[in-house]
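Visitor: I have a model on the screen and would like to learn how to read it. Where do we begin?

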Amino acid sequence: VTAFDPTAVDVQRDPYPSYHWLLRHDPVHRGAHQVWYVSRFADVRAVLGDERFARTGIRRFWTDLVGPGLLSQIVGDIILFQDEPDHGRLRGVVGPAFSPSALRRLEPMIEATVDDLLRPARALGAMDVVADLAYPLALRAVLGLLGLPADDADAVGCWSRAVGRTLDRGATAEDMRRGHAAIAEFTDYVERALAERRDDGADLLALMLAAHRSRLMSRNEIVSTVVTFIFTGHETVASQLGNGLLSLLHHPEQLELVRRRPRLVPQAVEECLRFDPAVQSNTRQLTADVELHGRRLRRDDIVVVLAGAANRDPGRYDRPDEFDIRRDPVPSMSFGAGMRYCLGAYLARLQLRTALGAMATLPDLRLATSPNELAYQPRTMFRGLARLPVAFMPAG
Ligand code: HEM
């Protein structure tokens, strides 16, 4: 029995065999670096619904890691690292921008963007789904949510990647140097956008400026929120789109079914989210001693819940390892649970449905590389392909 380590190369490539072992033999497991790993669905839900499994300690871990300066100040303010009451205050401010009625205004833009991005590929009959569709779509959608121009996508994407690399256990000294340089430019950009903004409009920036005037949100918190939402909002959707399409490509009969019956797209998206989620894990630190599944966990212990494992729990799903878009949908753990349930779930589903629906219509769509050559980006919390080359019959 070895200690589970999500940074191990074979686990990053395919974590599911390790999850099986954990689910079956050690559902609350003391893994590498003294971290607890929780795998069963009911236990994951219990942890995510319990405030004693908190985030403040995790914030300290990352701000110490990136060192003093603007980067740690921005990282320190992000909603994902706050506990109550700050978490609830910030969620209250930004929440209305994520309601289905507020997001419906983005639907035409998302459809047009998918169309635009697919146009050059349609003529060629080939594309890399990750670079040509997933990242540019997800980035433009989150800029639309914020009320920032789509033309800024390239610059914003560069800063976001550089900052994101500092928030990984494998970050090098060079990654840190680039991250610090990028956050300075990123912050200037957000400050300029705020200064130029009129206060009308239904987008997130307008909402946050109004909250700032009512003293509900500081200027630093606005900058942090913009930076975080751009990063988390687009890395997640882009990775999920690649993972989901790959699941469909591995099951051509189900891809064909989606092509013939487009009303199955929403169900197919739910199964893609369950089967191979972009966010594999969420981390907490205990503020008290707690007993979980017969194990004694101590105050200050780090606890990682594994959504990717919970989604394969045989106690919750029939045939958990079968990808089946026709199964009766049982909600998965892919957007988390409890008070931190993903704010962007509706926006993510909108993009995944539009993009996967459009991809499924491409005639004779297939993987254009051997499955052994598919590589994952070297990250632990997020799971996403580095490239996903596909081919299909060109138009005309
Ligand atoms: C929270 C997954 C897309 C914004 C979360 C959490 C998960 C998650 C698992 C819970 C984190 C925790 O408990 O620590 C995903 C996945 C996505 C996605 C798989 C895409 C398929 C988005 C998008 C946005 C977004 C598009 C929009 C900007 C957020 C925010 C939170 C969050 C703000 C924090 C909520 C809070 O702390 O109260 N997401 N997400 N997500 N997500 Fe997403």
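Visitor: Which helix lies across β4 and β10, and at what angle does that helix run to β4?

Guide: Bear in mind that this is a predicted model. The helix is α9, residues 129–146. Helix α9 runs at about 65° to β4.

Visitor: How should I read the sheet under that helix?

Guide: Start with the general idea. Strands of a sheet pair through backbone hydrogen bonds, either parallel or antiparallel. Here, β4, β10 and β9 follow one another in that order in an open sheet of 3 strands, with antiparallel pairing. β4 (126–128) and β9 (366–367) are the edges; each has a single partner strand, so one side of each lacks a neighbour in the sheet. Next, look at one pair. β9 and β10 (residues 389–391) run antiparallel and are joined by 2 bridges. L367 has V390 in β10 as its bridge partner.

Visitor: What is the strand order in the sheet of 5 strands?

Guide: The order is β1-β2-β8-β5-β3, in an open sheet with mixed pairing. Its edges are β1 (28–30) and β3; each has a single partner strand, so one side of each is left without a neighbour in the sheet. Now the pairs:
- β2 (residues 36–38) pairs with β8 in the parallel sense over 3 bridges, and Y37 has V304 as its bridge partner in β8.
- β5 pairs with β8 (residues 302–306) in the antiparallel sense over 5 bridges, and Q285 stands opposite I302 in β8.
- β3 (residues 53–54) pairs with β5 in the antiparallel sense over 2 bridges, and F53 has L286 as its bridge partner in β5.

Visitor: Is β5 buried or exposed?

Guide: Buried. In β5 (residues 281–286), 6 of the 6 residues are buried, so the strand is largely enclosed by the rest of the structure. Check both faces. S281, T283 and Q285 are buried on one side, and N282, R284 and L286 are buried on the other.

Visitor: Where are the nonpolar residues gathered?

Guide: In soluble globular proteins, nonpolar side chains tend to be buried together. The largest nonpolar core here has 99 residues. Within that core, M208, I230, M359 and L388 touch the most other members. A second, separate core holds 19 residues, including V47, F53, L286 and A337.

Visitor: What does I230 touch, beyond its neighbours within four places in sequence?

Guide: I230 is in contact with L139, V142, L143, L146, L148, V156, S160 and F186.

Visitor: What about the whole chain?

Guide: The protein chain has 17 helices and 10 strands. For 396 residues, a compact globule would have a radius of gyration near 21 Å; this chain has 21 Å, which agrees. Its C-alpha atoms fill a box of roughly 60 × 55 × 40 Å along the principal axes. Buried residues make up 55% of the 396.

Visitor: How much of the contact set with a separation of 6 or more comes from residues 24 or more positions apart?

Guide: Such residues account for 72% of those contacts in the protein chain.

Methods. Residues numbered from 1 in each chain as written. Predicted model: local features only at pLDDT ≥ 70, side-chain atom pairs only at ≥ 80, totals over all residues. Heavy atoms only, no water. Pairing = 2+ DSSP bridges. Helix = DSSP H or I, 4+ residues; strand = E, 2+ residues; numbered from the N terminus. Contact = heavy atoms within 4.5 Å. Axes fitted to C-alpha atoms, helices over the stretch in contact; angles between N-to-C directions. Core = buried A, V, L, I, M, F, W, Y, C linked by side-chain atoms within 4.5 Å. Buried < 20%, exposed > 50% of the residue type's maximum accessible area, 1.4 Å probe, protein only. Rg over C-alpha atoms; globule rule 2.2 N^0.38 Å.
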